[in-house]
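Please view the sequence and structure first.

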Amino acid sequence: MKSLPDTPKVSIITMTYNDCAHLEKCVTQILKQDYENIEYIIIDGKSTDGTLAIIKKYESRIAFWLSEPDNGIYDAMNKAIDKATGEWVLFMNADDEFVDNKVVERFAFVAKTHKKYAAYYGDTILRYGIGERPMRALG
């Protein structure tokens, strides 16, 4: 997607390996974001489950994807960063999800109006088999 005036491009990167059970939900949540200036990248570690079928199902809306063996999650992150062209990079593991479709829009607004920071982070909800635990961002 081309860069839009006054909206920083956000490169969203999903790293995955044999996690087709969660990947499609992650992909669809990213694609449903209201923010228009998103570059979506998926790096897969050469999955042998249904991961590639999910990626191919949405590839027309994915800026770049790659499926090849890697040396773990940090290697996958570095491969993606090499392809990212956004002003900001957001990492989403295949089992991560956004709380709603305004997350990237709110982030872009904060990043645009508070330019003095190099990194941003937000609240998180940790999910366990027995329930959830909210973790508030420090700040």
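Two residues are in contact when they have heavy atoms within 4.5 Å of each other. The model is predicted, so local features need pLDDT of at least 70 and side-chain atom pairs count only at pLDDT 80 or more, while totals for chains, interfaces and linings use all residues. Residues are numbered from 1 along each chain as its sequence is written, and side-chain values use heavy atoms, with hydrogens and water left out.

**Two strand residues**

Helices (H or I, at least four residues) and strands (E, at least two) are DSSP runs, numbered from the N terminus. Buried means under 20% relative accessible area, exposed over 50%, and partly exposed in between, with a 1.4 Å probe and protein chains only. The table lists two residues.

| Residue | Strand | Relative accessible area |
|---|---|---|
| Ser 67 | β3 | 16% |
| Thr 16 | β1 | 7% |

Ser 67 counts as buried because its relative accessibility is 16%. Leaving aside neighbours within four places in sequence, Ser 67 is in contact with Asp 44, Lys 46, Ser 47 and Leu 52. The side chains of Ser 67 and Asp 44 are joined by a polar contact of 2.5 Å. A polar contact is a pair of N or O atoms within 3.5 Å; within protein, one must be able to donate a hydrogen and the other to accept it, and residues adjacent in sequence count only if both atoms are side-chain atoms.

Thr 16 is also buried, at 7%. Not counting residues up to four places away in sequence, Thr 16 touches Asp 44 and Gly 45, among others.

**Cores**

A nonpolar core is a set of buried Ala, Val, Leu, Ile, Met, Phe, Trp, Tyr and Cys residues joined through side-chain atoms within 4.5 Å. Which residues have the most contacts inside the largest core? They are Val 10, Ile 12 and Tyr 40, in a core of 24 residues. Elements that each supply at least two residues of this core include β1, β2 and α2. Helix α1 gives the largest share, five residues. A second, separate core has eight residues, including Ile 43 and Ala 76.

Beyond four places in sequence, the residues that Tyr 40 touches include Ile 12, Cys 26, Arg 61 and Phe 64.

**Lining of the main pocket**

Strand β4 provides the largest share of the lining of the largest pocket, six residues.
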